[in-house]
Amino acid sequence: MNIITLIKQVPDTAQLSSTVDGLKLMNEGGARIVNPWDEYCLEAGIQLKEAHGGKVTVLSLGKPDAVEALKRGIAMGADEAVLISDPALEGSDSLATARALVAAIKKIGPFDLILAGRSAIDGNMTATAVQVAALLDVPQLSYIAALKAVDPVAQTITAVRLMENGRETISSKLPAVISVVKEINEPRYPSFMGIRKAAKAAIPTWGLADLGLSADQVGQAGSNVSWPQVSLPPTREGGAEIISGSPAEAAKTLADRLAAEKVI
Ligand SMILES: Cc1cc2nc3c(=O)[nH]c(=O)nc-3n(C[C@H](O)[C@H](O)[C@H](O)COP(=O)(O)OP(=O)(O)OC[C@H]3O[C@@H](n4cnc5c(N)ncnc54)[C@H](O)[C@@H]3O)c2cc1C
């Protein structure tokens, strides 16, 4: 199977604090990690390759340091990686991002499955995979929590969608784009051999010219949605009270207070 996994490098949200400007953090903040949801799509891709043979290519659009996210993908078990990076891409909305990802997917070659995460923890638009599928004119299956059957010969897939009130089994033709939720698997840790392979991997960087795109199709010029401001929620007002007494007295006082507040 030819599998392409979309992974995004995002700010490490553990770095968030109420004193940080959200947009600045996303743009130039400190530590960056692989979008946590994307580790699940990567694991799903690697498991499919292990079951059916073929190749997993990890694809990311980002700044030059997003190559680190791609190296993690190779260390986990992907075969190849491609970075899309070009200053002209800055300020792209999810449609412009999808446009660039699709140009790269077409350049990589024929595929059976494109795998994406449920959402990116910074942008959180949950739109990129849908737009990639629409631009490729292939089906998109969202919120996938399990792959029941994948037949690369018959070119079919049966998967389970996680819904708010239950689960749905759906079948589709391949090629398709699927976005996964964390219930689908437990991502593996990179192996020692994988880390060595990633350290030596030559990862190509494709810019607009390589993708056959013009500057007015991406970046702010090619986007309809803008983000003039990103801010954190206001800090919560609140206080803590230490209940004194022996453990039994403190437990009784706490239970009485919770009952009085109708919490229990
Ligand atoms: C500094 C900054 C400024 C921004 N300004 C704007 C703006 O002005 N207007 C606007 O609309 N958006 C803006 N964005 C958001 C940015 O365009 C989105 O990150 C992008 O559109 C993808 O959407 P998302 O992050 O919400 O991903 P989602 O749609 O939530 O991601 C779903 C899945 O798609 C895949 N995916 C998403 N992005 C990538 C990627 N880059 N590479 C590979 N796979 C990917 C991943 O598998 C991910 O799990 C800005 C982001 C930043 C960091």
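## Terms and overall build

Helices (H or I, at least four residues) and strands (E, at least two) are DSSP runs, numbered from the N terminus. By that rule Tyr143 is found in strand β7. This is a predicted model: local features need pLDDT of at least 70, side-chain atom pairs count only at pLDDT 80 or more, and totals for chains, interfaces and linings use all residues. Numbering starts from 1 along each chain as its sequence is written.

The chain holds eight helices and 11 strands. Its C-alpha trace spans about 70 × 40 × 40 Å along the principal axes. Of its 264 residues, 34% count as buried. A residue is buried if 20 or more other C-beta atoms lie within 10 Å of its own, exposed if 12 or fewer, and partly exposed in between, with C-beta atoms placed from the backbone. Among contacts between residues at least 6 apart in sequence, 70% join residues at least 24 apart. Two residues are in contact if their C-beta atoms, placed from the backbone, lie within 7 Å.

## Helices α4 and α5

Helix α4 (residues 94-108) packs with helix α5 (residues 128-136) at an angle of about 55°, and their axes are 9 Å apart. Axes are lines fitted to C-alpha atoms, for helices over the stretch in contact, and angles run from 0 to 180 degrees between N-to-C directions. That angle makes α4 oblique to α5. Angles under 35 degrees count as roughly parallel, over 145 as roughly antiparallel, 65 to 115 as roughly perpendicular and the rest as oblique.

On the α4 side, the contact includes Ser94, Leu95, Thr97 and Ala98. On the α5 side, Thr128, Gln131 and Val132 are among the residues involved. The contact residues divide into eight nonpolar, four polar and one charged. Here Ala, Val, Leu, Ile, Met, Phe, Trp, Tyr, Cys and Pro count as nonpolar, Asp, Glu, Lys and Arg as charged, and the others, Gly among them, as polar.

The buried residues of α5 are Thr128, Ala129, Gln131, Val132 and Ala133. Their cover includes α4, β6, β7 (140-151) and β10 (176-180). Asp137 follows α5, and its phi is positive, near 60°.

Thr5 lies in strand β1 (residues 2-6). Thr5 is buried because 28 other C-beta atoms lie within 10 Å. Leaving out residues up to four places away in sequence, Thr5 touches Cys41, Leu42, Gly45, Val56, Val58, Gly73, Ala78 and Leu115.

Pro175 is 170 residues from Thr5 along the chain, yet their C-alpha atoms are separated by 13 Å. Pro175 sits in the loop between β9 (166-173) and β10. The peptide bond from Leu174 to Pro175 is cis, with omega near 0°.

Tyr143 has phi near 55°, a positive value in a residue other than glycine. Tyr143 counts as buried because it has 20 C-beta neighbours inside 10 Å.

Lys262 has phi near 60°, also positive in a residue other than glycine. Lys262 is found in the segment after α8 (247-260). Lys262 counts as exposed, with 6 C-beta neighbours inside 10 Å.
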